[in-house]
Amino acid sequence: ARRPRCRRETRISRVRLMTEAKPYTFTTKVPFSSAADAEAVCATLSVDNELQPDKVTKKLSVEGNELVAEFSATETRLLRAAVAAFLDLLNLSTRTLEKFGSVEAPAA
């Protein structure tokens with residue numbers, strides 16, 4: 001079975017994410033040892049949708065070997081909760097990669 005690939009996207013401006021409806025934002029880039037590892041983690045973390053998509057938006061993408069995570073929310077407490085949950089799952093994903101080894105890049 002093929003692993004779902006995370007969409008590759010160009011970097012999105014923070015200004016575009018920051019709207020009047022969702023003025024609070026958080027953006028981070030997480031480096032991995034390879035693009036395949038970043039894609040695998042992105043695909044894993046993309047499965048879970050936000051519980052309140054009208055109040056919190058999560059956008060994950062891959063740039064080279066970096067996972068880019070962008071969040072916007074209507075309230076700071078919702079942003080904090082979404083980012084904390086994401087970081088917990090990111091920690092689990094990276095520890096899994098460390099324990100079982102990197103993902104092999106797909107054959108061209």
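Helices here are DSSP runs of at least four residues, numbered from the N terminus. With that in hand, take Ser93, which lies in helix H3. One thing to keep in mind throughout: this is a predicted model.

Let me stay on Ser93. Is this residue buried or exposed? The cut-off for buried is under 20% relative accessible area. Ser93 comes in at 12%, so Ser93 is buried. What does Ser93 touch, once we leave aside neighbours within four places in sequence? Three residues: Val41, Thr44 and Leu45. Helix H2 covers 35-46.

Now step back to the whole chain. We have 108 residues, and 35% of them count as buried. There are 3 helices and 3 strands. Read along the sequence, the order is α-β-α-β-β-α. Look at the contacts between residues at least 6 apart in sequence: 68% of these join residues at least 24 apart.

Next, the strands. Start with E3, residues 66-73. Of its 8 residues, 7 are buried, so E3 is largely enclosed by the rest of the structure. What are its partners? Strand E1, residues 24-31, is joined to E3 by 8 bridges, and the two run antiparallel. E2 is also joined to E3 by 8 bridges, again antiparallel. Glu66 in E3 shows both pairings. Pro31 stands opposite Glu66. Glu63 stands opposite Glu66 too.

E2 and E3 form a hairpin, with 2 residues between the strands. In that hairpin, Gly64 takes a positive phi near 65°. There is another glycine to note.

How accessible is Thr57? Its relative accessibility is 26%, so Thr57 counts as partly exposed. Beyond its neighbours within four places in sequence, Thr57 is in contact with Lys22, Glu70, Phe71 and Ser72. The Lys22 contact has a polar part. The side chains of Thr57 and Lys22 make a polar contact at 2.5 Å. For one more distance, go to Thr74. Thr57 and Thr74 are 17 residues apart in sequence, and 9.3 Å apart in space, C-alpha to C-alpha.

Back to H3, residues 76-100. Here is a quick check on its geometry. At 1.5 Å a residue, its 25 residues should span 36 Å. The expected span uses one less than the number of residues.

Which residues of H3 are buried? They are Leu78, Leu79, Ala82, Val83, Phe86, Leu90, Ser93, Thr94 and Leu97. So our opening serine, being buried at 12%, belongs to this set. And what do the buried residues of H3 pack against? E1, H2, E2 and E3.

Last item: the largest pocket. Its space is about 260 Å³. The lining has 14 residues. Nearest the centre are Glu50, Leu51, Ala81, Ala82 and Ala85. Which element gives the largest share of the lining? H3 does, with 6 residues. E2 and H3 each supply at least two residues. Note Ala82 in particular. Ala82 is one of the buried residues of H3, and Ala82 is also among the residues nearest the pocket centre.

Find Ser93, buried in H3. Find E3, joined to E1 and to E2. Then find the pocket, with its 6 lining residues from H3.

How values were computed:
Residues numbered from 1 in each chain as written. Predicted model: local features only at pLDDT ≥ 70, side-chain atom pairs only at ≥ 80, totals over all residues. Heavy atoms only, no water. Buried < 20%, exposed > 50% of the residue type's maximum accessible area, 1.4 Å probe, protein only. Contact = heavy atoms within 4.5 Å. Polar contact = N/O pair within 3.5 Å; in protein donor to acceptor, adjacent residues only side chain to side chain. Pairing = 2+ DSSP bridges. 1 Å grid on protein atoms, 1.4 Å probe; cavity = no way out; pocket = protein on both sides within 12 Å on 5 of 7 lines; lining within 4 Å. Points joined across faces, edges and corners; volume = space filled by probe spheres on them.
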